[in-house]
Amino acid sequence: MDLEYVKGKPLFTNINKINHQFNYLTENLETDVIIIGGGVTGCICGYYLSKNNIKTTILEKGRVAHGSTSITTSLLQYELDDNISQLSNILGLENCLKAYNLGLLALKEIDDFICEYGNKCDYIKRDTLLYTATNLEEKAIKQEYSLRKENGFDVEYVDSSNNKYPFELKAGVTSKNGGIEIDPYKYTMQLLNVSIDMGLNIYENTEVKNIHYYDDYIEVETSYGYKVKGKKVIVATGYNTALFTNRNFGTKFCTFNIATKPIENLNKFYDGTLIRDNSDPYNYIRSTVDNRIIIGGEDISFEQMQNKELVKQKYDILEQRLKSIFKNIKNIEIDYKYCGCFISTNDNLGFIGNDKNKNLWYCLGYGANGILFAILGGMFLSKLYKKEVVKDLELFKVNRFDS
Ligand SMILES: Cc1cc2nc3c(=O)[nH]c(=O)nc-3n(C[C@H](O)[C@H](O)[C@H](O)COP(=O)(O)OP(=O)(O)OC[C@H]3O[C@@H](n4cnc5c(N)ncnc54)[C@H](O)[C@@H]3O)c2cc1C
């Protein structure tokens with residue numbers, strides 16, 4: 001794990017028993033695809049490739065799901081960080097709607113995975129709410145509602161007349177069953193267990209130290225000197241891509257989460273809707289199956305993550321905000337506080353596909369929808385491996401900001 005990318009005491013790797021350890025690499029290997037990084041992204045890619053009978057090996061330098069995956073809120077929604085009206089200026093309306101629809105497709109993929117292999121990751125289908133408490137942003141929310149409604153998304157408009165939430169709002173857009181929550185550690189482990197049964201290899205404590213490019217294959221050198229040769233490499237190293245490229249993919253931030261202790265009778269106060277507010281800095285809220293509330297947001301620049309005083313202030317702001325939103329819940333106690341790196345892109349989309357070398361592919365779930373982008377990445381890259389044309393890859397092209 002890159003210690004500088006994650007700080008604090010993550011909820012999900014602390015409440016789960018981490019009793020399984022995968023072997024480290026002790027021999028040279030040859031495979032079809034090498035995935036570098038055993039976070040949720042690498043394991044999602046491993047699942048799709050294995051499902052398509054592509055011989056795949058994941059190399060993880062530390063422990064599986066202990067990087068950014070250990071601190072993701074795992075609030076999965078089809079919508080993007082910015083609203084359609086803002087994003088249309090960058091992406092165009094058509095691409096913006098396409099991205100929303102791809103989000104829905106990725107959510108459906110998770111539903112199908114759970115149907116096929118069972119719910120071993122605290123998966124819950126949830127309604128979502130995007131809201132504002134200020135008069136200033138009422139118009140923006142109305143516009144987001146209208147654009148989604150006109151374009152066939154299943155949404156409802158909320159204002160003070162039909163507000164069922166325990167806090168005041170001026171305007172909101174809800175999507176019935178528009179989101180999913182999961183436990184990211186359990187989900188990653190479930191993906192791995194399913195994929196290993198289909199032939200996936202995974203090695204923990206195996207860092208890729210060097211990479212050699214040839215015409216038709218790539219060879220990576222790992223810690224202790226063992227080499228792995230593959231036709232393609234997928235970089236799924238999260239926010240650290242320095243070994244492969246000096247490309248600056250987006251703007252690095254630090255974002256924060258706090259999680260409460262389990263709250264008695266939580267469902268009397270909060271129905272589990274995935275909540276996001278429209279302000280800047282924004283907040284987002286979800287619950288967990290053991291009745292905690294997680295609130296996140298309050299982003300600062302990545303460099304400021306070293307400023308202990310500022311970090312403490314951000315946790316305090318989140319705690320106050322949580323208590324002001326859920327005024328009816330007495331004695332809320334905070335159990336976990338953690339923060340980490342996050343990369344934001346102008347068009348809110350991640351990066352999938354190759355850059356300069358045709359055999360080195362990226363799957364980088366940047367932006368707030370990282371896990372859904374990883375699912376699209378897994379689907380698209382396994383098709384690409386089989387030489388199928390994947391038109392939607394255009395949206396996620398690595399060099400799209402070059403000109
Ligand atoms: C506080 C917070 C909240 C978030 N909330 C959400 C959310 O609600 N929804 C959402 O979709 N996304 C969210 N994100 C983004 C989210 O974290 C990512 O989408 C996802 O967890 C990233 O997973 P990953 O596998 O790409 O990265 P990581 O989990 O960081 O995995 C990368 C792995 O690569 C390994 N690695 C790196 N270099 C090497 C090497 N040289 N050799 C071998 N292994 C290597 C690392 O050890 C690491 O385990 C959030 C992020 C943060 C910080």
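The questions and answers below concern a predicted model of a protein chain with a ligand.

Q: Into which domains is the protein chain divided, and how far apart do their C-alpha centres lie?
A: The chain is divided into domain 1, covering 3-72 + 185-249 + 347-396, and domain 2, covering 138-179 + 255-343. The distance between the C-alpha centres of domain 1 and domain 2 is 30 Å.

Q: How many residues of domain 1 are in contact with domain 2, and which strand gives the most to that side?
A: On the side of domain 1, 13 residues are in contact with 11 residues of domain 2. By class, this side of domain 1 has eight nonpolar, three polar and two charged residues. Three of its residues come from the strand that gives the most, β1 (residues 6-8).

Q: How many residues surround the ligand, and which are the closest?
A: The ligand is surrounded by 40 residues. By class, 14 residues of the shell are nonpolar, 23 are polar and three are charged. The closest residues are G37, G39, G67, G238 and G370.

Q: Which helices and strands each supply at least two residues of the shell around the ligand?
A: Among the strands, β4 (75-77), β12 (251-260) and β16 (334-344) each supply at least two residues of the shell. The helices that do so are α2 (40-51) and α8 (370-385).

Q: Are α4 and α8 roughly parallel or roughly perpendicular to each other?
A: Two packed helices are described by the angle between their axes and the distance between the axes. The axes of α4 (residues 93-117) and α8 come within 9 Å and cross at roughly 80°. An angle of 65 to 115 degrees counts as roughly perpendicular. α4 and α8 are therefore roughly perpendicular.

Q: Which residues of α8 make the contact with α4?
A: On the α4 side, the contact is made by L102, G103, A106, L107, E109 and I110. The residues of the contact divide into seven nonpolar, one polar and one charged. From α8 come L372, I375 and L376.

Definitions and conventions. Residues numbered from 1 in each chain as written. Predicted model: local features only at pLDDT ≥ 70, side-chain atom pairs only at ≥ 80, totals over all residues. Near = placed C-beta within 6 Å. Helix = DSSP H or I, 4+ residues; strand = E, 2+ residues; numbered from the N terminus. Nonpolar A, V, L, I, M, F, W, Y, C, P; charged D, E, K, R; others polar. Axes fitted to C-alpha atoms, helices over the stretch in contact; angles between N-to-C directions. Parallel < 35°, antiparallel > 145°, perpendicular 65-115°, else oblique. Contact = placed C-beta atoms within 7 Å. Domains from an automatic or database assignment.
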